[in-house]
Amino acid sequence: MCVTSQRTENRGGRTTVFPVVGSDSKENWMQAIEADSLVVRVGGRRGRTAVNGLDLRLGRGVHGLLGPNGAGKTTLIRTLATVQKPTAGTLSLLGTPLRGTGMRPLRRRLGYLPQHFGFYKRFKVREFVEYLAWLKEMPAAEIPGAVHRALDRVGLADRAEDRMKSLSGGMVRRVGIAQAIVNEPEVLLLDEPTVGLDPAQRLRFRELVAELGRQSCVLISTHLVEDVAAACTDVVLVSEGSLVFQGTPADLAARGTREHVGDSPIERGYSALISSGGAW
Ligand SMILES: Nc1ncnc2c1ncn2[C@@H]1O[C@H](COP(=O)(O)OP(=O)(O)OP(=O)(O)O)[C@@H](O)[C@H]1O
């Protein structure tokens, strides 16, 4: 995956740099995710606006989604995964506008790892991923091979016949990644995928997403700024439900100065753009 050029848009007085990724083939002109003035309210009548007029364009590649607690990252990912309905604005996935109906064909092309996911403890690892592949309406004949490949990619092929309840927290997270990629999705949405992974597995995860990002649009929500610096070609920074920055990790690092809080250039860039600067 390569960033071939950048496109700058000025919206509401805010300048955003959108990287254009991939080769020059026609399909790259189509963005995998296109949101315009997206608003998402959560929690019913007494709830709140979690995504607030967000404009976003994402193509192929690995995109890191950063932002402080409560910025709206999970709500955005849930909306892109078609789990949460937009309240206003427009959203298109893989060139298909979301209208609340006829989404089954689109869902077959998505992969989603929620922040918290439930599973039957007595299921074997293989059975759990097979079950998710079946829910994604994969052809039955393809499921065994696809499940084996997905488990192999997360380093759990040798635990396929173990019960889910016998896995460690980090292994459960890796099964979650396996179910998200089992259908080789064109849009892969991962909400805090590296929580609980040991250092070796985090490195393996970075390699895996780099591989996946060559063919797909991968969006990773995380608080681990170093994962973004190492694994992502593009950073999306949200605060209070709106986009405050989009660009390469180097662009983000360039926003920071020695006065800003952080242990690395990219953390200082993050602090420069998030005005609370780490205050409680
Ligand atoms: N079901 C809900 N009911 C009411 N408010 C909600 C609900 N879900 C989320 N919110 C609120 O919406 C805002 C955005 O929450 P969201 O979980 O999307 O943020 P986040 O960026 O993922 O946060 P974190 O980094 O802490 O996981 C927060 O103020 C949160 O309290």
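These legends walk through several close-up views of one predicted model. Residues are numbered from 1 along each chain as its sequence is written. Because the model is predicted, local features need pLDDT of at least 70 and side-chain atom pairs count only at pLDDT 80 or more, while totals for chains, interfaces and linings use all residues.

**View 1. The annotated stretch, residues 33–265.** UniProt, in an unreviewed entry, places the feature "domain: ABC transporter" at residues 33–265; UniProt positions are given in the numbering used here, feature names are shortened, and annotations may be inferred rather than shown by experiment. Over these residues the chain is 33% helix and 26% strand, and the end C-alpha atoms are 28 Å apart. Helices (H or I, at least four residues) and strands (E, at least two) are DSSP runs, numbered from the N terminus.

**View 2. The shell around the ligand.** Here 13 residues surround the ligand, and the closest are G43, N69, K73, T74 and T75. A residue is near a molecule or strand if its C-beta atom, placed from the backbone, lies within 6 Å of it. The elements that give two or more residues to this shell are β4 (48–58) and α1 (73–80), and α1 gives the most, with three residues. By type, the shell divides into three nonpolar, eight polar and two charged residues. In this grouping, Ala, Val, Leu, Ile, Met, Phe, Trp, Tyr, Cys and Pro count as nonpolar, Asp, Glu, Lys and Arg as charged, and the others, Gly among them, as polar.

**View 3. Helix α1 and the four-stranded sheet it packs on.** Four strands form an open sheet in the order β4-β3-β6-β7, and the pairing is antiparallel; two strands pair if DSSP finds at least two bridges between them. β4 and β7 (96–97) stand at the edges, each with a single partner strand, so one side of each is left without a neighbour in the sheet. Strands β3 (residues 33–42) and β6 (residues 88–93) pair over five bridges in the antiparallel sense, with V39 standing opposite A88 in β6. α1 packs on this sheet, touching β3, β4 and β6, and its direction makes about 60 degrees with that of β4. Axes are lines fitted to C-alpha atoms, for helices over the stretch in contact, and angles run from 0 to 180 degrees between N-to-C directions. Seven of the eight residues of α1 are buried, so the helix is largely enclosed by the rest of the structure. A residue is buried if 20 or more other C-beta atoms lie within 10 Å of its own, exposed if 12 or fewer, and partly exposed in between, with C-beta atoms placed from the backbone. After α1 comes T82, whose phi is positive, near 65 degrees.

**View 4. The six-stranded sheet and strand β5.** This open sheet has the order β8-β9-β10-β5-β11-β12, with mixed pairing. β8 (110–113) and β12 stand at the edges, each with a single partner strand, so one side of each lacks a neighbour in the sheet. From one strand to the next, the twist averages 15 degrees. Six of the six residues of β5 (residues 61–66) are buried, so the strand is largely enclosed by the rest of the structure. In a regular strand the side chains alternate between the two faces of the sheet. In β5, G61, H63 and L65 point one way and V62, G64 and L66 the other way. β5 pairs in the parallel sense with β10 over five bridges, and four bridges join β5 to β11, which also run parallel. I220 in β10 is the bridge partner of G64 and also of L190.

**View 5. The β11–β12 hairpin.** Strands β11 (residues 234–239) and β12 (residues 242–247) pair in the antiparallel sense over five bridges. The hairpin has two residues between its strands, and E240 in the turn has a positive phi of about 50 degrees. S239 stands opposite S242 in β12.

**View 6. G196 in its loop.** G196 is found in the loop between β9 (187–191) and α6 (199–213). With 15 other C-beta atoms within 10 Å, G196 is partly exposed. G196 and G169 are 27 residues apart in sequence and 6.2 Å apart in space, C-alpha to C-alpha.

Conventions. Two residues are in contact if their C-beta atoms, placed from the backbone, lie within 7 Å.
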